[in-house]
Amino acid sequence: MTVSHASRALLAILARELLRFVQQRGRFFAALVRPLIWLLVFAAGFRASLGLSIIPPYETYIAYDVYVIPGLIGMIQLFSGMQNSLSMVYDREMGSMRVLLSTPLPRGFLLIARMFSGTVVSIIQVYAFILLAALFGTPLPWSGLLPLLPVLVLTGMALSALGMFLSSRVKQLENFAGVMNFLIFPMFFLSTALYPLWRIREGSVTLYHLCQYNPFTYVVELIRFTIYGQPNLPALGIVTATLVVFGAAALIGYTPARGGPTAGRAAA
Amino acid sequence: MDAKSGREDTAPRPTADDRAQQPLVVEGLSYAYGKRQALSEVSFSLTPGRVTALLGPNGAGKTTLFSLITGLFDSRRGEIEIAGYKLRSNRSKALSQLGIVFQAQTLDLDLTVDQNLRYFAALRGLSRTAARERTAILLDRIGLAGHARTKVRNLSGGERRRVEVARALIDRPAVLLLDEPSTGLDIATRRWLIEHLHHLAEREGICVFLATHLVDEVAPEDDLIVLDEGAIVARGKVDDVVRNAGATTLDEAFTRLTTKPKEQSP
C-alpha cells in the first residue's frame with residue numbers, strides 16, 4: 001500500500017460517509033435534538049433542585065446545564081459511534097462490506113478509516129451542538145474549543161471502536177438495534193454525564209463503582225477537563241486503552257478465521 | 001480419485017512453469033464451516049483470454065471458493081495465486097489483480113452511478129483523472145453513459161448489474177470473478193452479460209471466471225470446471241467434459257456428474 005493509495009482510499013471513505021450524512025438530514029436533526037432536549041428540558045428542571053459543589057475542573061459554582069454539556073457531547077459521540085457500527089452491519093448485510101474488504105488494502109486500515117470517517121461526522125455534530133447551546137444561553141469557554149478537537153478525535157475513535165467490536169460480534173441488523181439500546185442507555189446513565197461521582201456515591205455505592213468501571217465516564221471527564229483547559233491524564237489513559245482494546249478486538253472480529261465458521265461473520 | 005465423492009479427477013495439477021502464464025492458480029484448497037467440509041483439495045488453473053465457467057449445483061461450494069479467492073475467507077489448507085502473487089503472503093498485490101462481481105448486488109443505493117464507480121476507483125488507488133477517464137469509458141461501454149448522475153436506487157436490476165461489471169473492470173484486472181451474476185436478471189440482460197464477458201476475454205485478454213448453476217450460460221468454446229459437494233468432479237473443454245461423462249449434451253453430463261448414484265437395494 002502506497003501513501004497516495006492510502007490517502008485516496010481514506011478520502012473516498014470519508015467523502016462517502018459525509019455524503020451519506022448530508023443526504024440523511026433526519027440523522028443530523030436527531031443528533032442535535034436529542035442532546036438539546038436534555039439540555040433545555042431535563043437540565044432546566046434539575047437546575048433548581050440539584051446543587052453542585054465546586055469540583056475540578058470547575059473553579060466556582062456552576063449551573064447544572066453547564067455541568068451537563070460535556071456529558072451531552074459524549075452522548076452525541078456515543079450515538080454516532082453506534083450509528084456508524086449499525087451502518088457497518090447494514091453494509092455487511094447489503095454486501096457493500098464485501099466490496100470494501102476485498103480491495104487491495106490492509107483490513108486494519110479499512111476499519112480504522114471507517115472509524116475515523118464516523119468520528120469526523122460526530123465532531124461536526126458536536127460543534128453544531130456547542131453552537132446551539134451557546135445560542136440557547138449555555139456558552140462554553142471559547143478557549144477550550146480548539147484543544148477539544150483532538151480529544152474528540154480520540155473519544156470518537158474509542159466509542160467507534162466499541163461499536164465496531166459489537167458489529168463484528170452481532171450477525172443480524174435487527175439484533176444489533178437491540179444490543180445498541182442495551183448498551184447506550186446503561187453507559188450513559190451509569191457515568192458522570194448527568195451527575196458527578198460524589199453525588200452518585202451519596203445515592204448508591206454500587207452505582208458509584210459501576211460508574212467508575214464505565215469507560216464512558218472517562219470519555220465525559222476527558223471532554224470536561226479539556227474544555228476547561230485542564231489535563232486529566234487518568235481519563236486520557238483509560239480512553240486510549242479503550243480505543244486500543246476494542247479496536248484490536250474489532251480487528252480480530254473482522255479478520256477471517258482460518259477454517260472456522262467465524263469467517264462467515266466477516267463477510268456474511 | 002476423490003475419496004469423498006468417489007469420482008475421478010484426471011486433470012493434471014498445475015506445475016511451477018504454468019503459474020507464470022496463469023492468472024489464477026488454486027492448489028489443494030480446502031475449507032470447512034466447523035465440521036462441515038465445504039471444499040476438499042480443490043486445484044485448478046485458469047488461462048488468460050478465456051472464459052472459464054465454474055458449474056455446480058446450489059451448495060456445491062462455488063461461493064465459498066470465491067470468498068477464499070477474494071480474501072474474505074482464509075484457509076491454511078491450500079494456496080491461491082493471482083497473476084503470480086500468492087494471496088496469503090502478498091494479499092494487496094494479489095487482490096489488485098482481481099475484479100469481482102458478487103452474487104448479491106453490492107452497490108451503494110444512495111450514491112449515483114458515477115459516485116459508486118469513483119468511490120471504488122479510489123479504493124483501488126486510481127487518481128482522480130484516471131478514475132474519471134475509466135468511468136467515462138466503462139459507462140459508455142455498458143450503455144449507461146447517460147445514467148452517470150442517476151442514483152443507483154433508481155436503476156433496474158439489469159442496469160445495476162452492468163454497473164457492477166463496470167466497477168469490477170475499473171482497474172483493468174487480470175482476472176474477473178463473477179459469482180452467479182445472472183441471478184434475478186431478465187433474458188436480454190443475461191444474454192448481454194454473457195456476450196460481454198466473452199468480448200472482454202477475447203478482445204482484452206482478461207481471464208473471466210464465471211460461477212453459475214445454469215448450464216445454458218456455458219458457451220461451447222468455454223473452459224469448464226464442474227464442482228460438486230466441494231470437490232472438482234470434471235474439468236476441461238466443454239466437449240471433453242460431455243464426452244468423458246458419456247453424455248451427449250452438457251445438461252445431461254452435468255446431471256450425471258452431480259447426481260449421486262442411488263444405493264442398490266438388497
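Me: On what basis are residues and chains labelled, and which confidence limits apply?
Reply: Residues count from 1 along each chain as its sequence is written, while chains are lettered from A and ligands numbered from 1 in the order in which they are written. As this is a predicted model, local features need pLDDT of at least 70 and side-chain atom pairs count only at pLDDT 80 or more, whereas totals for chains, interfaces and linings use all residues.

Me: Why is Val208(B) called buried?
Reply: A residue is buried if 20 or more other C-beta atoms lie within 10 Å of its own, exposed if 12 or fewer, and partly exposed in between, with C-beta atoms placed from the backbone. Val208(B) has 26 such atoms within 10 Å, and is therefore buried.

Me: What does Val208(B) touch, not counting residues up to four places away in sequence?
Reply: Contact requires C-beta atoms, placed from the backbone, to lie within 7 Å. Val208(B) touches Val51(B), Thr52(B), Leu176(B), Leu197(B), Leu200(B) and Ala201(B). Val208(B) itself is found in strand β8 of chain B.

Me: What makes β3 and β8 of chain B a pair?
Reply: Strands (E, at least two residues) and helices (H or I, at least four) are DSSP runs, numbered from the N terminus. Two strands pair if DSSP finds at least two bridges between them. Strands β3 (residues 51-55) and β8 (residues 207-212) of chain B have five bridges, in the parallel sense. Within this pairing, Ala53(B) stands opposite Leu210(B).

Me: In what order do the six strands of the open sheet in chain B lie, and why are β6 and β10 at its edges?
Reply: The order is β6-β7-β8-β3-β9-β10 in chain B, with mixed pairing. β6 (98-101) and β10 (231-237) of chain B each have a single partner strand, so one side of each is left without a neighbour in the sheet.

Me: Which strands does helix α7 of chain B lie across, and at what angle does it run to β8(B)?
Reply: Helix α7 (residues 187-204) lies across β3, β7 and β8 of chain B, at about 155° to β8(B). Axes are lines fitted to C-alpha atoms, for helices over the stretch in contact, and angles run from 0 to 180 degrees between N-to-C directions.

Me: How many helices and strands does chain A have, and why is chain A called as compact as a globular protein of its length?
Reply: Chain A has 12 helices and zero strands.

Definitions and conventions
Contact = placed C-beta atoms within 7 Å.
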